[in-house]
Structure formats: structure tokens, C-alpha cells
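Here is a short tour to read with the structure open beside you. Take the groups below in any order and look up each residue as you go.

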Amino acid sequence: MKIRNSGSGHTKDLKAIIEKYMKRILIISDGKPGHLNQSIAFCKIKDISYDILEVKFKSKFHKALSYLLDKFDFFTDTLFEDYKKFYFDFYDAVVSTGSGTYYFNRFIGKKYNKKSIALMFPKSYKTKNFYYIIAQEHDNPIRQDNILTLPLNLSYPSAKGYIKKDEDKKAIGIIIGGDNDVFKMEYELIKDELDDIFEKYPEYLKYITTSRRTPMEIESLIDKYEFDYKLIYSKEPNINPIGDFIEICDIFYITADSTSMLSEVRANTNAKLNIIDLDSKKENTKFHRLVNIIEDMDDEKINFAKLLKKVKI
């Protein structure tokens with residue numbers, strides 16, 4: 001069948017449409033929402049359709065073995081639990097985020113001759129084996145032709161309609177994380193921050209959300225305040241209001257442990273961002289480096305599509 005058109009512009013448009021709908025990416029997931037969301041964001045930013053395959057190493061031993069096998073360029077799926085089989089030849093590229101995914105990513109890439117793309121720096125794996133690595137500046141990645149360094153994590157938020165914008169009032173979004181290997185969330189510190197917010201911004205609408213790492217005592221503390229919108233993760237783990245916060249809020253307060261949330265907010269809104277410092281068990285970690293990067297940035301959105309333009313699928 002021949003397709004006729006009246007000019008080269010129509011030909012280019014048709015080619016773009018065909019490429020968009022013919023190309024497809026396979027996302028390898030470790031089941032962690034923060035990792036999966038970055039992979040999905042990559043596909044949406046590149047405007048390419050995708051499918052998701054979740055995989056899991058059989059044990060910690062099998063994961064450790066993958067580092068050794070990778071050094072010898074030996075790739076096998078026998079290290080993983082049973083997984084859903086796809087027609088892998090159908091895909092143009094494989095994308096994944098997180099240490100539990102990189103080896104399987106390369107297994108599919110090598111066996112089926114597909115482009116392997118790693119999001120975040122794949123420590124302990126050979127970087128030259130990947131078609132592209134999209135690393136974050138706070139991970140201090142090495143300089144290499146196939147490594148693209150971004151200031152923040154990839155994200156592609158969208159409002160879900162949990163909150164309706166009030167055109168007559170400004171709003172504050174508060175995002176509370178939790179304890180990790182670096183930070184300890186202290187009750188009195190969070191209480192002082194919340195008291196200060198309510199005192200400084202009496203006329204603002206106040207929205208707050210916790211995360212899966214938020215201690216129960218902090219959630220109990222939050223329940224004592226009269227927020228205009230409140231999401232307690234332990235009670236409603238399937239709701240994510242961050243996209244609504246980004247669309248509506250004029251000011252943000254986010255705890256320093258929440259790297260993905262700090263990145264998502266700073267990258268996708270021009271709102272004023274305040275970082276809530278927490279007691280730190282370590283110094284000069286990737287968390288501290290990210291905070292420094294964000295504090296040095298202007299309050300402007302990031303054009304991820306432009307930054308990823310060089311990554312051809």
C-alpha cells in the first residue's frame with residue numbers, strides 16, 4: 001500500500017506517529033514504587049509505550065553472585081524466581097531502576113540484542129555493558145560516554161484529583177519521610193516545624209502526607225493538627241497525593257531523607273521549597289549532597305525531555 005501526501009512535512013509527521021506507536025519499552029521492576037516510578041517517568045518523558053515485568057533474586061547469595069557473573073559477561077536468569085514470560089523480541093529497549101534489576105536488564109539486553117538502560121548509577125556492575133546510564137549528580141558517577149548525569153531523579157507526576165484547588169487561597173504542601181540509615185526523625189523536631197508552619201502561615205491551606213517509613217509516633221503527632229488535607233500512609237498506602245500537591249501548592253516543606261520527593265517537587269514546580277533538616281548519623285552522604293544541589297538550584301522546573309534527547313531508542 002502506498003501512502004500519498006502533499007509535502008515532506010506530512011511524511012515527517014507520519015513517520016513520527018509510526019515510531020511512537022511501534023516502539024515499546026520493557027520495564028524491569030524490583031517491586032519498589034520509588035524505583036518503578038522513575039522507570040515509568042523515563043518512558044512517559046520519551047513518549048514511548050511500555051510493559052512492566054517484576055523480577056526478584058532467589059536470595060541475597062544469588063544477588064551477590066550476579067556481581068561476579070557480570071564481571072565475566074555471563075548472564076543467566078537462573079538467579080531469579082519464576083517470572084512472567086514476555087515476547088522479548090517485541091521490545092526496542094529495556095529500562096530499570098535499582099540494584100535488584102540491573103543484572104536481569106543486561107540478561108535481556110544481551111540475549112535479545114536490546115538496548116539496556118539503567119536509571120541511577122548501577123554500582124558493582126560493569127557500566128560499559130549498558131547502552132545508557134541515567135545517573136544522578138549526588139551519586140558522583142564516573143565520566144563515561146554512555147553515562148548521562150542529571151541533577152535530580154527522573155519524575156513525571158500527575159494530579160489524581162484528591163484535592164481541589166482553591167483559587168482564593170494559597171497552599172502549603174508538607175511531605176514527611178522517616179528513619180533510614182542516615183537520618184533519625186525526632187518527635188520534637190517535627191513538632192517544632194509544624195508549630196512554626198501554623199504560626200507563620202495562618203491564612204494558607206495546609207496539606208500533608210507521610211510515607212511508608214514514617215514512625216507511628218510521628219503519624220500520631222500529625223493527627224493532632226487540623227490540616228486541610230491529610231494522608232497517613234499506614235492507613236491509606238495506595239493513595240499518592242504528591243501530584244496534586246505539585247499542581248496546587250505554592251510552598252513546600254519536605255524532610256531531608258525524602259530524596260525522591262525532594263527531586264520530584266524541585267523538578268516539577270516553581271514553588272518555594274523548604275528542606276526540613278533531621279538528625280544525621282553520618283555526614284557527606286548522597287542525601288546531604290542532594291540537599292546541597294537543590295539549595296543551589298533556582299526555583300524552576302527541569303526540562304527532562306530536553307536532557308534525555310540524546311538517549312535514542
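Predicted model: local features only at pLDDT ≥ 70, side-chain atom pairs only at ≥ 80, totals over all residues.

## A briefing on the fold

T209 lies in strand β9, which covers residues 205-209. The points below then move on to the nonpolar cores, a pair of packed helices, and some residues in loops.

- Setting aside residues up to four places away in sequence, T209 touches I174, I175, I176, L231, P241, I242 and F245.

**The nonpolar cores**

- In soluble globular proteins, nonpolar side chains tend to be buried together.
- In this model the largest nonpolar core has 70 residues.
- Which residues have the most contacts inside the largest core? They are F42, I117, L154 and F252.
- Helix α2, residues 33-46, gives the most to this core, contributing five residues.
- F42 is in contact with I25, V95, I117, L119, L154, L308, V311 and I313, once its neighbours within four places in sequence are left aside.
- There is also a second, separate core of 27 residues, and I28, Y102, F130 and I147 are included in it.

**T97 in strand β3**

- T97 is found in strand β3, made of residues 93-97.
- Is T97 buried or exposed? Its relative accessibility is 1%, so T97 counts as buried.
- Leaving out neighbours within four places in sequence, the contacts of T97 are I28, D30, H35, Q38, S39, Y102, L119 and M120.
- One of these contacts, H35, is 62 residues from T97 along the chain, yet the two C-alpha atoms are separated by 5.2 Å.

**Y67 in helix α3**

- Y67 sits in helix α3, residues 60-71.
- Y67 has a relative accessibility of 23%, so it counts as partly exposed.
- Beyond its neighbours within four places in sequence, Y67 is in contact with S99, K123, S124 and Y125.

**Helices α8 and α9 as a pair**

- Two packed helices are described by the angle between their axes and the distance between the axes.
- For helix α8 (residues 259-268) and helix α9 (residues 286-296), the axes come within 11 Å and cross at roughly 15 degrees.
- Because angles under 35 degrees count as roughly parallel, α8 is roughly parallel to α9.
- The crossing of these two helices, α8 and α9, is left-handed.
- On the α8 side the contact is made by T259, L262, S263 and R266, and on the α9 side by F287, L290, V291 and I294.
- How do the residues of the contact of α8 with α9 divide? Five are nonpolar, two are polar and one is charged.

- Helix α8 is mostly covered, with nine of its 10 residues buried.
- The buried residues of α8 are T259, M261, L262, S263, E264, V265, R266, A267 and N268.
- These buried α8 residues pack against β7 (171-175), α7 (242-248), β11 (251-255), β12, α9 and α10 (304-307).
- In α9, the buried residues are F287, H288, L290, V291, I293 and I294.
- The buried residues of α9 pack against β8 (183-184), α8, β12 (272-276) and β13 (279-280).

**Two asparagines in loops**

- N113 lies in the loop between α4 (102-111) and β4 (115-119).
- Although N113 is not a glycine, it has a positive phi of about 55 degrees.
- N113 has a relative accessibility of 70%, so it counts as exposed.
- N284 lies in the loop between β13 and α9.
- Phi of N284 is near 50 degrees, which is a positive value in a residue other than glycine.
- With a relative accessible area of 59%, N284 is exposed.
- The C-alpha atoms of N284 and S220 are separated by 31 Å, and the two residues are 64 residues apart along the chain.

Technical notes:
Residues numbered from 1 in each chain as written. Heavy atoms only, no water. Axes fitted to C-alpha atoms, helices over the stretch in contact; angles between N-to-C directions. Helix = DSSP H or I, 4+ residues; strand = E, 2+ residues; numbered from the N terminus. Parallel < 35°, antiparallel > 145°, perpendicular 65-115°, else oblique. Left-handed = near helix turned anticlockwise from the far one by under 90°. Contact = heavy atoms within 4.5 Å. Nonpolar A, V, L, I, M, F, W, Y, C, P; charged D, E, K, R; others polar. Buried < 20%, exposed > 50% of the residue type's maximum accessible area, 1.4 Å probe, protein only. Core = buried A, V, L, I, M, F, W, Y, C linked by side-chain atoms within 4.5 Å.
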